[in-house]
Amino acid sequence: MGSTAGTTGGGACNVAVLLDFSTCPGGFTTGKAHPLSSTNSWACGDPILGPVGTGMWGTNLFGNYNTDESSYLESPSISLADCQGYAVSVRVRHWYDIEPGYDGGNIQISTDGGNSWQVVTPTGHPYDELSLNASYSPPAGEPGFSGFDAVWRDSFVDLTPYVGSADVRMRFVFGSDFSVEYDGWFIDEIEVVVQ
Ligand SMILES: [Ca+2]
Ligand SMILES: [Ca+2]
């Protein structure tokens, strides 16, 4: 392959990682998923309200999420170009306390640099609602986690369908309606597993 010292000829699927957000922001970014939404409440650190734990992302660490949110927490891009023949998945450790049916969040994947996103269907701990009634889309009209769960859960997203793509991004999209807010959605660990 003509590789120089210290490099390999390629083919290494070196994407396995465990992020526990003990160091913020862990390469993640946040923003509005709909331009008319209220202020995005995603923050990284130690929550004062909500779950017990340290080092995590959450929709406001110091109080309830905002009304009329359509906000996202986006991962860095990872390349699965060298992962042919492997099964790649993501484990998400999360906790939520959210107005059932109206407010909620889901997980989305982009393979085109974040221009378009597809809602994925997690396993392990699945979505609670088929169609959220948040003020803005996304996630209005989409499935999502919603309701009073308030325990740490592991949900899994299969990335194997995206093997071969050099730019795979995951985002967590949260939305709310015009009234009734709770602690929100907290993400404590994200682990990429290669098998
Ligand atoms: Ca943590
Ligand atoms: Ca609400």
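Strands here are DSSP runs of E at least two residues long, and helices are DSSP runs of H or I at least four residues long, both numbered from the N terminus. The model on screen is predicted.

Start with the whole chain, coloured by secondary structure. Eleven strands and zero helices make up its list of elements. Read from the N terminus, the elements run β-β-β-β-β-β-β-β-β-β-β.

Along its principal axes the trace spans about 60 × 30 × 30 Å. The radius of gyration of the chain is 17 Å; a compact globule with 195 residues would have one near 16 Å, so the two agree.

Now select β2, β5, β10, β7 and β8. These strands form an open sheet, in the order β2-β5-β10-β7-β8, and their pairing is antiparallel. At the edges of this sheet are β2 (29-32) and β8 (118-119); each has a single partner strand, so one side of each has no neighbour in the sheet.

Which residue of β10 is the bridge partner of Ser 70? Select Gly 175 to see that partner.

Of the 195 residues, 39% are buried. Among contacts in the chain with a separation of 6 or more, 80% are between residues 24 or more positions apart.

Conventions:
Residues numbered from 1 in each chain as written. Chains lettered and ligands numbered in written order. Predicted model: local features only at pLDDT ≥ 70, side-chain atom pairs only at ≥ 80, totals over all residues. Pairing = 2+ DSSP bridges. Rg over C-alpha atoms; globule rule 2.2 N^0.38 Å. Buried ≥ 20, exposed ≤ 12 C-beta atoms within 10 Å, placed from the backbone. Contact = placed C-beta atoms within 7 Å.
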